[in-house]
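Hi there,

Here is the structure I promised to pass on to you. My notes follow just below.

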Amino acid sequence: MRNPGQGMKRRILFLMMQPPGGTGVQGLRYSKLYPYTLGSGWEFHFSGPSPQLTSITLEPLVCPLGRCHYTDNVSFSARFATLKNRQPKHSFSYYLYGLLQLGARQVEKLIAHDSFDFLRRGILDVCRRADDLFDFDLIAAKSPDFRLLEVGAQLARERGKPLLAIYDDPHGQRDNEGFYPDDRSRQIDILEQARGVLFMSPLTRDRYVEQGLVRRDKTFCLTDSYPLDSCFYPAQLTQAKPDAFGKVSYNFVHLGNLPEWRPINPLLDALGSLQGQHEWRPLHISLYGYVYPAAIELIESNPNLASCFTIRPAVGHIESHLVAEQADVLLVMIGSRHLDNQPSKFFVYLGHPKPLVVIGPPGNPIQALVEELQVGVYCDVNNQASIQEGLKKITANYQYYAEAFKRNSTLIERYRADFVAVDLLTILDAVIAPSGDRGI
């Protein structure tokens with residue numbers, strides 16, 4: 001390994017399934033931080049599958065191409081799936097790429113093609129070439145996919161480099177009662193090898209320590225952040241407008257997918273119960289992204305609910321901020337089993353002075369943040385009455401929550417991209433420091 005002298009930067013290589021250049025949350029998280037690392041003692045590099053082949057939409061690349069060590073080892077079935085989903089639904093090209101995807105999948109099955117092994121070999125090839133050229137000081141790899149974390153560990157062993165293991169989500173099953181790790185022995189092998197382990201949730205870190213998977217003294221936590229670029233915050237103020245009966249109507253927005261494990265049935269039940277109540281202030285909810293079919297069916301089967309919802313296609317990162325800026329209230333949904341999950345969109349939304357309604361399991365770390373920052377309400381995802389009360393509070397006390405962004409601006413600024421970048425750089429310095437000098 002190099003011994004950086006005065007003025008020489010240390011170099012880190014991040015391996016991830018969604019590297020910068022695509023719309024995946026992994027890459028977007030580091031794209032926000034990257035500009036604020038340029039004046040530091042670290043030089044960031046990235047590796048993973050090419051976003052051109054794997055991401056439905058593409059985002060501007062904030063770092064030089066020479067620091068993006070991407071592989072084209074992406075199976076044809078995955079390539080055709082990406083191309084299919086770039087087409088308008090039900091168009092000729094959509095069905096054409098769908099047929100090609102199906103055909104490629106059949107061929108891959110016939111020849112026993114292992115898509116992850118193909119990707120693994122490609123990532124290792126580009127990373128070895130990059131290390132020959134740049135001689136990295138630290139290898140960082142992210143889970144999910146846990147198998148990619150294993151690839152990073154293999155690379156670090158081969159090259160004699162320290163490893164930083166990063167867990168965006170735990171590898172295993174979890175519910176309100178606890179965490180049940182998958183591949184326990186394989187995880188322990190990696191966590192023992194790692195010089196440091198970075199978690200994106202303090203509760204996930206606690207669960208890993210309690211399970212005996214990792215020592216606490218080698219762990220760190222980091223949150224996501226909100227960007228500072230002016231293009232995300234156009235100077236267009238919106239005001240909730242009265243409806244035909246003189247009541248103020250609030251425009252709620254949810255940005256992101258709503259799969260089956262993030263059910264919105266209690267929200268729908270709460271809205272149904274509130275309809276027609278004298279003190280109730282009307283609202284409209286726009287959902288941007290995939291919504292599981294059963295929820296769509298429930299909404300469409302009830303005329304009152306149908307009038308409250310608009311379901312729209314997913315939008316890109318920049319457009320999502322423009323949509324958020326036009327909303328009155330921003331909605332965050334957390335699955336009932338994901339007690340430890342800290343959704344990135346909560347932190348991203350903090351850049352917009354819009355009250356938040358967060359619906360999730362009681363005890364999730366976001367609940368304490370909502371109460372500390374006073375920017376909205378937190379509701380129990382499994383409790384219709386809790387959601388009803390939360391919707392009443394946010395609409396009846398809208399100005400109070402909106403003004404919290406100024407009232408508690410110092411607390412909220414902890415989650416600015418430049419501040420979180422400093423936290424990350426401090427963690428990297430601690431990981432690379434000799435044992436005993438880490439200052440944890």
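Strand E14, helix H13 (residues 344–349) and strand E15 form a right-handed β-α-β unit. Right-handed here means that, with the strands pointing away from the viewer, the path from the first strand over the helix to the second runs clockwise. Helices (H or I, at least four residues) and strands (E, at least two) are DSSP runs, numbered from the N terminus.

Before going on, a word on the source: this is a predicted model, in which local features need pLDDT of at least 70 and side-chain atom pairs count only at pLDDT 80 or more, while totals for chains, interfaces and linings use all residues. Residues are numbered from 1 along each chain as its sequence is written, and side-chain values use heavy atoms, with hydrogens and water left out.

E14 (residues 329–333) and E15 pair in the parallel sense over four bridges; two strands pair if DSSP finds at least two bridges between them. Across that pairing, Leu330 stands opposite Leu356 of E15. E14 is covered on both faces, with Val329, Leu331 and Met333 buried on one side and Leu330 and Val332 on the other. Buried means under 20% relative accessible area, exposed over 50%, and partly exposed in between (1.4 Å probe, protein chains only).

E15 (residues 356–360) runs parallel to E16, joined by five bridges, and Val357 has Val377 as its bridge partner in E16. Five of the five residues of E16 (residues 376–380) are buried, so this strand is largely enclosed by the rest of the structure. In the loop between H14 and E16 sits Gln374, which has a positive phi of about 60° although it is not a glycine. Gln374 is partly exposed, at 28% relative accessible area.

Elsewhere, helices H5 (residues 115–134) and H6 (residues 146–159) pack at an angle of about 35°, their axes 11 Å apart. The axes are lines fitted to C-alpha atoms, for helices over the stretch in contact, and angles run from 0 to 180 degrees between N-to-C directions. Contact means heavy atoms within 4.5 Å, and the residues that meet include Ile123 and Leu124 in H5 and Val151 and Leu155 in H6.

Two peptide bonds deserve a look: Ser143 and Pro144 are joined by a cis bond with omega about 10°, and Pro144 and Asp145 by another with omega about 0°. Pro144 is placed in the loop between strand E4 (138–143) and H6.

Best wishes
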